[in-house]
Amino acid sequence: MGRSLRGDLLDTVIVTGCGCPGTWGTLEALKGYRVVATDMDSGAVGRYLARTFYQVPPATNKSYLWDMARIVKQEGAVCVVPQTEAEVLALASKSIGVPVIASSQDSILAAQDKYLFRLLLESDPKLYEYVPILGLATSAGDFYRIAEA
């Protein structure tokens, strides 16, 4: 059995995007927990590997966060493990009543943007020496100047 976060009961963990390629590994790592899977595809593979399944709208849909909060409450979940980029961003932006196992929305956005990520690395003296030469080209002339640097 998995370690309980609330006492003697088997904890419930919600795993989103259960049609993703990494679903089997995620669910394997959560053995001993009661896993509730969600996906926008009713035929997602995780539906057949988890204890319970909910079909949810896309993470960009206005009702997505409301639906996730309802599922969290209904299932008594202790946390949510998002597996898709869209769900990570949506769930990291608002509270749904339990911890979401993801970085902050600012960190996610910085990691997705190479130029912003470089600026973040440059701000840390310990990391600056490892920052590759990079520039943001807005014209052909900029591109050639950066390439020759």
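The questions and answers below concern salt bridges, a nonpolar patch and a helix pair in a predicted model.

User: How many salt bridges does a search of the whole structure find?

Analyst: A salt bridge requires a side-chain nitrogen of Lys or Arg within 4 Å of a carboxyl oxygen of Asp or Glu. With the whole structure searched, the number of salt bridges is 3.

User: Which parts does the salt bridge between Arg34 and Glu75 tie together, and how far apart are they in sequence?

Analyst: The side chains of Arg34 and Glu75 meet at 2.6 Å, N to O. Both residues are buried. Arg34 belongs to strand S2 (residues 34-39) and Glu75 to helix H2 (residues 64-75), so the pair ties together parts whose separation in sequence is 41 residues.

User: What separates Arg145 and Asp142 along helix H7?

Analyst: Arg145 and Asp142 form a salt bridge, with their closest N and O atoms 2.5 Å apart. Both lie in helix H7 (residues 140-148), 3 residues apart, so the separation is about one helical turn.

User: Is Asp142 buried or exposed?

Analyst: The cut-off for buried is under 20% relative accessible area, and that for exposed is over 50%. Asp142 has 17% relative accessibility, so the class is buried.

User: How does Glu28 count in terms of relative accessibility?

Analyst: Glu28 forms a salt bridge with Lys31, the closest N and O atoms being 3.0 Å apart. Lys31, at 56% relative accessibility, counts as exposed. Glu28 is at 32%, so the class is partly exposed.

User: What is the area of the nonpolar surface patch that includes Leu119?

Analyst: Leu119 is found in helix H5 (residues 114-122). Patch residues must have over 30% relative accessible area, and Leu119 has 37%, which makes this residue partly exposed. Together with Tyr115, Leu116, Leu134 and Leu136, Leu119 makes a patch of about 410 Å².

User: How far apart in space are Leu119 and Leu65?

Analyst: In sequence, the two residues are 54 residues apart. From C-alpha to C-alpha, the distance in space is 31 Å.

User: What is the orientation of H4 to H5?

Analyst: The axes of helix H4 (residues 105-112) and H5 come within 5 Å and cross at roughly 110 degrees. The contact is made by Leu109, Ala110, Ala111 and Gln112 of H4 with Lys114, Leu116, Phe117 and Leu120 of H5. Angles of 65 to 115 degrees count as roughly perpendicular. The orientation of H4 to H5 is therefore roughly perpendicular.

How values were computed: Residues numbered from 1 in each chain as written. Predicted model: local features only at pLDDT ≥ 70, side-chain atom pairs only at ≥ 80, totals over all residues. Heavy atoms only, no water. Patch = residues over 30% accessible without salt bridge, like charges linked within 9 Å, V, L, I, M, F, W, Y side chains within 5 Å. Areas by Shrake-Rupley, 256 points an atom, 1.4 Å probe, with all protein chains shown as cover. Helix = DSSP H or I, 4+ residues; strand = E, 2+ residues; numbered from the N terminus. Buried < 20%, exposed > 50% of the residue type's maximum accessible area, 1.4 Å probe, protein only. Axes fitted to C-alpha atoms, helices over the stretch in contact; angles between N-to-C directions. Parallel < 35°, antiparallel > 145°, perpendicular 65-115°, else oblique. Contact = heavy atoms within 4.5 Å.
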